[in-house]
Amino acid sequence: MSSPTGPASGLPVRMPRPRQAGRHRRPEPLAAPEGAPALVLAVPGTPSAATRSLAEEVVSIARSELPGLDARIGYLDGDDEFPTLQSVLTHAAEERTARFEQARAAGSDVSEPDGPVGIVVPLLAGPDSALLRRIRQAVMESRVAAELTDVLGPHPLLAEALHVRLSEAGLARADRARLFTVATAADGIVLATVGGEDAVQAAGITGMLLAARLAVPVMAAALDEEGSIAAIAEQLRGSGSQQLALAPYLIGPELNAGLLDAAAKEAGCSAAEALGPYPAIGKLALSQYTTALGIAPPQSQGAPAF
């Protein structure tokens, strides 16, 4: 029996587990530095409830990876309901100034904040030059000190996301290691993107990683270039592929309505869904943010950048 002062004599006493030392020690959980700039997700395309839901899920993933993260959403074509990128940056700057003035009024010995107010991360898988130009212009028009990062790809995590979307559509096996087949599995993938030749080349890098996962040929093509999808589909069929699939190398908001369906019809094949709020999207957005700040990303980031 136990006494009011502890366990009875002879019974084992549970002691705190000592901290592991050396390389097997668990890393301390990473948190956002105090006073760090906001992560501002720059969302292209026409705002909608679906777009907002997608963007909110992406920033929610980023916050879960980095506790204390100040993450905000700015829309490239915002309005009264959907805050513009310029207004989000301006509001972040006003809040930082107010915090400084409040601390100084309270007698704190604080220096005036410097450095960027926000780190702007484009919600783009690939380098769409026209959209990036507009995002850069919006940052300049805000007249706020902000840093613009690269787009999210190419990256192995995007190849993983493409694989998942294809398997969800029944166009690829979920796991090559499992001994089962999918009757509708494609033997050739058209990787569809928008943004011109640079975007196609960048998509091709992730396409090589996807091809290694699926063991089928993958070729990138431009959705916004007339005849590009059909030409790549014909090239794949000419090299022996009989059952093609269209995989959008796109997150979703940047995709014009009807463009994907028209391209799939043009290529004569089925299409997977856009990447959407796949967990890798939030992790990659955070990775761009932490890289810009010069801090180590959380350990759960997964594969290293390509």
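In helix H7 (residues 259-267), the buried residues are Leu-260, Ala-263, Ala-264 and Ala-267, where buried means under 20% relative accessible area, exposed over 50% and partly exposed in between, with a 1.4 Å probe and protein chains only. They lie on the same side of H7, because they cover an arc of only 100° around the axis, the arc being that of the directions from the helix axis to the C-beta atoms. Asp-261 and Lys-265, on the other side of H7, are exposed.

This is a predicted model, in which local features need pLDDT of at least 70 and side-chain atom pairs count only at pLDDT 80 or more, whereas totals for chains, interfaces and linings use all residues. Residues are numbered from 1 along each chain as its sequence is written, and side-chain values use heavy atoms, with hydrogens and water left out. Helices (H or I, at least four residues) and strands (E, at least two) are DSSP runs numbered from the N terminus.

The cover over the buried residues of H7 includes helix H6 (228-238), strand E7 (244-248) and strand E8 (270-271). Gly-268, which follows H7, has a positive phi, near 70°. H6 and H7 pack at an angle of about 35° with their axes 8 Å apart, the axes being lines fitted to C-alpha atoms over the stretch in contact and the angles running from 0 to 180 degrees between N-to-C directions. At this packing, Ile-229, Ala-230, Ala-233 and Arg-237 in H6 meet Ala-263, Glu-266 and Ala-267 in H7, a contact meaning heavy atoms within 4.5 Å.

Helix H1 (residues 49-65) has 17 residues and reaches 25 Å from its first C-alpha to its last, close to the 24 Å expected at 1.5 Å a residue, that expected span being 1.5 Å times one less than the number of residues. Its buried residues are Thr-51, Leu-54, Ala-55, Val-58, Val-59, Ile-61, Ala-62 and Glu-65. Seen down the axis of H1, these buried residues fall within an arc of 150°, so they line one face of the helix. Ala-49 and Ser-64, on the other side of H1, are exposed. The elements against which the buried residues of H1 pack are as follows.

| Element | Residues |
|---|---|
| Strand E1 | 38-43 |
| Strand E2 | 71-75 |
| Helix H8 | 279-293 |

As for confidence, the mean pLDDT of the chain is 86, and 83% of its residues reach 70 or more, pLDDT being the predictor's confidence in each residue, from 0 to 100. Over residues 300-306 the pLDDT is below 50, although this stretch has 18 contacts in the model beyond near neighbours in sequence.
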